[in-house]
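Work through the exercises below with the sequence and the model open side by side, and try each task before reading its solution.

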Amino acid sequence: HYGDSQIEADRITSVLRNELQTKFGGYGAGLFDVIQVAPKMSVNIEFSENWKRFPGFGKKDSTVTHNKYGPLMAFSRYTDIPSTTIISDSVQHNAWITLKKPRASYSKTKTYHLLKILLSNSYKPIHYDIVADGAILKSGTISANTPFQVLTANFANTPEEISIMFSGADSPDIYGISLEGNNGVVVDNIPLRGSSGTIFTKQNQTLLSNSYANLSPNLIIMEFGGNVVPYVKDEKGCTDFGNWFKSQIYFMKKLNPNAAFIVIGPGDMSIKEGTEFVTYSYLEGVRDALKEASISSGCMFWDMYEVMGGKNSMP
């Protein structure tokens, strides 16, 4: 479930996930970042202070010279981006991540039997340990020159605490961590604050393709439009956005040929005129452009604006 800040903190996604997991089975919160812009209610994560998040949209870190950001459109590291391919072994870095049972979420997300860590690693081998309730479940080495890898660990019973520890001269790029069941439905909440949903084609296609091949989604939801509405000044702006978004749909369909797609448009949004709050002038134009882009490219469109009650329903 991709979306803008409307779905931060697992809003909307958590309800959808719980309904699907209750009906069809499944556990866990799915994919999440090491560092979250807005903490999810379905994830209880702590990490060492040397972790840093590198987003693949908006204001990017200038030290990143590639576009390999992965399915969450961001990755995390505990060392700086190397400025050279030659890294000394004299300085060893240690980092940790701790996952605890979430306190405030649905019961299905408080239960999980499978941990996944999506990553790549460039220059130096890195040792890792995965510990569940004090017992080492898995240890190993992530080889250098690993373009994409998924570390996994299985639990017979949901641990109270999972610790993931890394040590080495460099850091892997962590594209996401996932907590899942061994069967049933997994629903990933992927909020992209400030995004208009036109960033997918700017990502590294090979990495995304490998990621989606591993995740194998049956359904992709794309919930966007709200961040465009305040800046559209005419009908051409609406049409241009629809065309840009359509290119994103085709790109994502190419990488996920077996997935169904649902596009969710923006809800009502207000601007103040005098003493009244009124709907933005071109909100319906943006909605219509999204709808046309969705239907014409073989997607379902779900109209949040109409569900809210249409024009001036926000007040």
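The exercises that follow concern a pair of helices and then a pocket.

The model is predicted, so that local features need pLDDT of at least 70 and side-chain atom pairs count only at pLDDT 80 or more, while totals for chains, interfaces and linings use all residues. Residues are numbered from 1 along each chain as its sequence is written, and side-chain values use heavy atoms, with hydrogens and water left out.

**Exercise 1.** Describe how helix 3 and helix 4 pack.

*Solution.* Begin with the axes, which are lines fitted to C-alpha atoms over the stretch in contact, with angles from 0 to 180 degrees between N-to-C directions. Those of helix 3 (residues 235–255) and helix 4 (residues 283–296) come within 8 Å and cross at roughly 30°; helices here are DSSP runs of H or I with at least four residues. The crossing is right-handed, meaning that the near helix is turned clockwise from the far one by less than a right angle.

Next, list the contact (heavy atoms within 4.5 Å): helix 3 contributes residues including F241, F245 and I249, and helix 4 residues including V286, A289 and L290. Finally, sort the contact residues of this pair by class, which gives nine nonpolar, four polar and two charged.

**Exercise 2.** Which residues lie closest to the centre of the largest pocket, and which classes make up its lining?

*Solution.* Of the 27 lining residues, V186, V187, D188, P217 and N218 are the closest to the centre. The lining then divides into 16 nonpolar, eight polar and three charged residues, where Gly counts as polar and Asp, Glu, Lys and Arg as charged.

How values were computed:
Helix = DSSP H or I, 4+ residues; strand = E, 2+ residues; numbered from the N terminus. 1 Å grid on protein atoms, 1.4 Å probe; cavity = no way out; pocket = protein on both sides within 12 Å on 5 of 7 lines; lining within 4 Å.
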